[in-house]
Amino acid sequence: MINGNSLILQFGKETTYGEGGTPSRQIKVASESFKPMYNKIEEGLLTGGKAGSKKETMSIRTEGSISTLARPDDVGFFLKATLGNEEVSSIEDEKVFLHTFTALGTNEEDVLPSIFAIADKKVNKFLYNGLKINSLSFSASPEDYLKLDLNLVGRNEISSNVEMNNDLLPTTLKSFKFRNGKVKIAGQDVADITSINFNYENQLDTQTQTTSTGVYYKEPNVGVRTIQTTLEAIYTSELEQIRELYYKTDETVSIELLFDSEYKIPETDVYYQMKITIPCNQLSDATANFGSAETIKQSMTFDAFEENGQELITIDLINGEANEY
């Protein structure tokens, strides 16, 4: 029998879509679900016999998800693969670096980066090439770490002559935690947040097959991005005012999610940090119902949109990595 704890999962970025490469990161995960999808279709004709005809594979793709934790270094790799744009600047003596991620544009040359994964499942090693991130989610709740969930689609699964990068080890940096999170709504700190859920979807076009793609699909690219943030907090007059101002109207409201680490970047007094800024949202739901003797909480759901040329979203990551992801 194979123990699930024996899984080794490595990732890297592709120079050319679908060609894989040498892994650059080894990630600890809570779960993974990579699998190939072989669409087998029969002719659908009357055979004159007792059963239908033999099926043939008409298309191949892969899909899967991973659940892990948001660590100050590895999370940047997945943010770049999800949003597409990144700028890096030094903010202290070439030891502290600010990585700023923004959403990819809509021009023909704007193509979402592709990555690959290699999974050592002990029975065999599997390469999943041409991976693109369809959705990325952060979630945080009391007494817990900041969790990162990814949904990916890819080109193919290869199980022969697959080589791991034996020089890689998982990062030793600790994940961001719920207790170090802060939330701002309309520029004001909101106290007593009890849970945070953030979801970013790329709406990838994964079903375009042409005469030039053979059994595979065209390289998928982004569609209409959707961003939804759901917050839960202890119900107060402050939250009721937010409900009155933004749920009962169509007014625009900004939100900011900030996660500070308890740990400093080596040889500096700067703490690791990740900040998510979404300037334009509408409050699509705000509920605080009384139905038990427990502390009443208000749930708020924010949907992002574009307005007046502002960035749809900006994610700032501060760590000690000098290069672009």
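Student: Which residues is Phe198 in contact with, leaving aside its neighbours within four places in sequence?

Tutor: Contact means heavy atoms within 4.5 Å. By that test, Phe198 is in contact with Leu136, Ser137, Phe138, Ile227, Gln228, Thr229, Leu257, Ile276, Ile278 and Ile313. The model is predicted: local features need pLDDT of at least 70, side-chain atom pairs count only at pLDDT 80 or more, and totals for chains, interfaces and linings use all residues. Residues are numbered from 1 along each chain as its sequence is written, and side-chain values use heavy atoms, with hydrogens and water left out.

Student: Ser137 is among those partners. Why is Ser137 called buried, not exposed?

Tutor: Buried means under 20% relative accessible area, exposed over 50%, and partly exposed in between (1.4 Å probe, protein chains only). Ser137 has 19% relative accessibility, so Ser137 counts as buried. Its place is in strand β9; strands (E, at least two residues) and helices (H or I, at least four) are DSSP runs, numbered from the N terminus.

Student: What joins the side chains of Ser137 and Asn199?

Tutor: A polar contact of 2.4 Å. The cut-off is a pair of N or O atoms within 3.5 Å; within protein, one must be able to donate a hydrogen and the other to accept it, and residues adjacent in sequence count only if both atoms are side-chain atoms. Ser137 also touches Lys147, Leu148, Asp149 and Phe198, not counting residues up to four places away in sequence.

Student: Which residues touch the most other members of the largest nonpolar core?

Tutor: Phe11, Phe138, Ile185, Phe198, Met274 and Ile313, in a core of 65 residues. β9 gives the most to this core, with seven residues. Such a core is a set of buried Ala, Val, Leu, Ile, Met, Phe, Trp, Tyr and Cys residues joined through side-chain atoms within 4.5 Å.

Student: What makes Phe77 and Phe78 an edge-to-face pair?

Tutor: Rings of Phe, Tyr and Trp (its six-membered ring) pair if their centres lie within 6.5 Å; planes under 30 degrees apart count as stacked, over 60 as edge-to-face and the rest as tilted. Phe77 and Phe78 are 5.2 Å centre to centre, with 85 degrees between the planes. Phe77 is buried at 4%, and Phe78 is buried at 1%.

Student: Why is the pair of Phe101 and Tyr325 called tilted?

Tutor: The centres are 6.3 Å apart and the planes are at 40 degrees, so the pair is tilted. Phe101 sits in strand β7 and Tyr325 in the segment after β19, 224 residues apart. Phe101 is buried at 0%, as is Tyr325 at 7%.

Student: How do you know that the buried residues of α2 are on the same side?

Tutor: The buried residues are Leu239, Glu240, Ile242 and Tyr246. They cover an arc of only 155 degrees around the axis, so they lie on the same side of α2. The arc is that of the directions from the helix axis to the C-beta atoms.

Student: Is Asp93 buried or exposed?

Tutor: Asp93 has 65% relative accessibility, so Asp93 counts as exposed. Its place is the loop between β6 and β7. Phi there is positive, about 50 degrees, although Asp93 is not a glycine.

Student: And what does Lys122 count as?

Tutor: At 42% relative accessibility, Lys122 counts as partly exposed. Lys122 is in the loop between β8 and β9, with a positive phi near 70 degrees.
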